[in-house]
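Me: I am new to this structure and would like a close look at one part of it, the metal site.

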Amino acid sequence: MKIIAPSVLSADFGNLQRDIEMLNRSEAEWIHVDVMDGVFVPNISFGFPVMEPLKKYATKPLDVHLMIVHPEKYVERFCDAGAWSVGFHLEAVEDPLPILNLIKAKGVRTCLTINPDIDVHRLDPYLDKVDMVLLMSVFAGFGGQRFIPETMDKLRYVHSEIARRGLKTLVEIDGGVNIDNASVLFEAGADVLVAGSAVFKAADPENTIHQMLQ
Ligand code: DX5
Ligand code: ZN
């Protein structure tokens, strides 16, 4: 699978409807929604009020990435707010399973995420219990950072382990993705690439999305 999921974190919030309509026209299949609480990560982005215009204008699935402590308190509200998938960080919780079950009970797809400093093998017990894993290729918190090359080894491992077990779990990469590294990431087994600044800071965002899929 080859999906581009532009992150609205890098959109122009004064022109959010315009930017969402651009994504609707583009070849992006999903829209990535970065929620930061200022506790799990040293930055605050947005929360439920911004889900409303996203849900209202987007014609594409909303892929919600929670960078928050206590995701168990909020995952159901994000499901109710129209998320197509809800992901949270493995290192933010003691036991992800009950939280995954809250999301599944809402009929929403699940994603487990790890930051670059978390051992990729910590995902092993959950590969068959989630719809997707998200490997951060920058430290969660800010758009516009440089891709961390060590992510490639983790990606190859997770991709091969999913294939070895015959699972359908998707692999998503988030952070520092651009026109130059997109094809290498897809070749290494990424199914979904998140791209924030590479899309929204481009002179021609729609064409940039197109180029990433080449
Ligand atoms: C980082 C977020 C990313 C971010 C990606 O904390 O999870 O989704 O918006 O931004 P770029 O593509 O600019 O690295
Ligand atoms: Zn993200």
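Which protein residues are donors of the zinc ion (ligand 2), and at what distance do they lie from it?

Reply: This is a predicted model, in which local features need pLDDT of at least 70 and side-chain atom pairs pLDDT 80 or more, while totals for chains, interfaces and linings use all residues. Residues are numbered from 1 along each chain as written, chains are lettered from A and ligands numbered from 1 in written order, and side-chain values use heavy atoms, without hydrogens or water.

The protein donors are His 32 (NE2), Asp 34 (OD), His 65 (ND1) and Asp 174 (OD), 2.0 to 2.2 Å from the zinc ion. Donors are N, O and S atoms within 2.8 Å of the metal (3.2 Å for Na, K and Ca); water is not among the atoms, so sites may look incomplete.

Along the chain the spacing reads H-x1-D-x30-H-x108-D. Asp 34 belongs to strand E2 (residues 31-36) and His 65 to strand E3 (residues 62-67), so this pair ties together parts 31 residues apart in sequence. Strands are DSSP runs of at least two residues, numbered from the N terminus. Asp 34, at 5% relative accessibility, is buried, as is His 65 at 1% (under 20% relative accessible area, 1.4 Å probe, protein chains only).

As for Asp 174, Met 136 stands opposite this residue in E7. Strands E6 (residues 132-136) and E7 (residues 170-174) pair in the parallel sense over five bridges; pairing takes at least two DSSP bridges.

Key:
Helix = DSSP H or I, 4+ residues; strand = E, 2+ residues; numbered from the N terminus. Buried < 20%, exposed > 50% of the residue type's maximum accessible area, 1.4 Å probe, protein only.
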